[in-house]
Amino acid sequence: MAISLLAGLRTISPSYYETADIDGATSWQKFRYVTLPLLSPIIAVVMTFSVLFTFTDFQLIYVLTRCGPLNATHLMATLAFQRAIPGGSLGEAIATMMVPLLLAAIMFSYFGLQRRAWQQGGDK
């Protein structure tokens, strides 16, 4: 995540910051009006992948902690596994609950990017 954001920061041209300096912008204004709008597509993609990888990161947590002390490190995937395989109940309901949550995260990111393209005069 940090490497992706750093790569996004490196693509911002220094001329934007020079122009903001000439206009008398403070460092907060430069961040708010230059850096953040130019990084928003990268932030959306990174956040989407972060949410997807969090939901699918089953094996690391299960192998290391077996859902931790007193079930403290449960994820949706580990909870679904625990209910479905050893317990034999509610596994399908919990697993199918992950699909709408992931779909909502993807749609939020997609429509955010589409809104940004529309604001910049894109065709979509």
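Along the sequence, the chain of this model follows the pattern α-α-α-α-α-α, and it accordingly has six helices and zero strands. The structure is a predicted model, and every value reported below was computed from its atoms. Of the 124 residues in the chain, buried residues make up 20%. The chain exposes about 9100 Å², and carbon and sulfur atoms supply 68% of that area. When contacts between residues at least 6 apart in sequence are considered, 42% of them join residues at least 24 apart.

Threonine 48 counts as buried because its relative accessibility is 15%, and buried means under 20%. With its neighbours within four places in sequence left aside, threonine 48 is in contact with Ala105, Ile106 and Ser109.

Charged side chains were considered next. Side chains of opposite charge can pair when their charged atoms come close. A search of the whole structure finds one salt bridge, and this pairing is formed by lysine 30 with aspartate 21, whose closest N and O atoms are 2.8 Å apart. The two partners fall into separate classes of accessibility: lysine 30, at 17% relative accessibility, counts as buried, whereas aspartate 21, at 45% relative accessibility, counts as partly exposed. The value for lysine 30 is 17%, and this residue is therefore classed as buried, since the class covers values under 20%.

Technical notes
Residues are numbered from 1 along each chain as its sequence is written. This is a predicted model: local features need pLDDT of at least 70, side-chain atom pairs count only at pLDDT 80 or more; totals for chains, interfaces and linings use all residues. Side-chain values use heavy atoms; hydrogens and water are left out. Helices (H or I, at least four residues) and strands (E, at least two) are DSSP runs, numbered from the N terminus. Buried means under 20% relative accessible area, exposed over 50%, partly exposed in between (1.4 Å probe, protein chains only). Contact means heavy atoms within 4.5 Å. Accessible areas come from the Shrake-Rupley method with a 1.4 Å probe; for residues, only the protein chains shown count as cover. A salt bridge is a side-chain nitrogen of Lys or Arg within 4 Å of a carboxyl oxygen of Asp or Glu.
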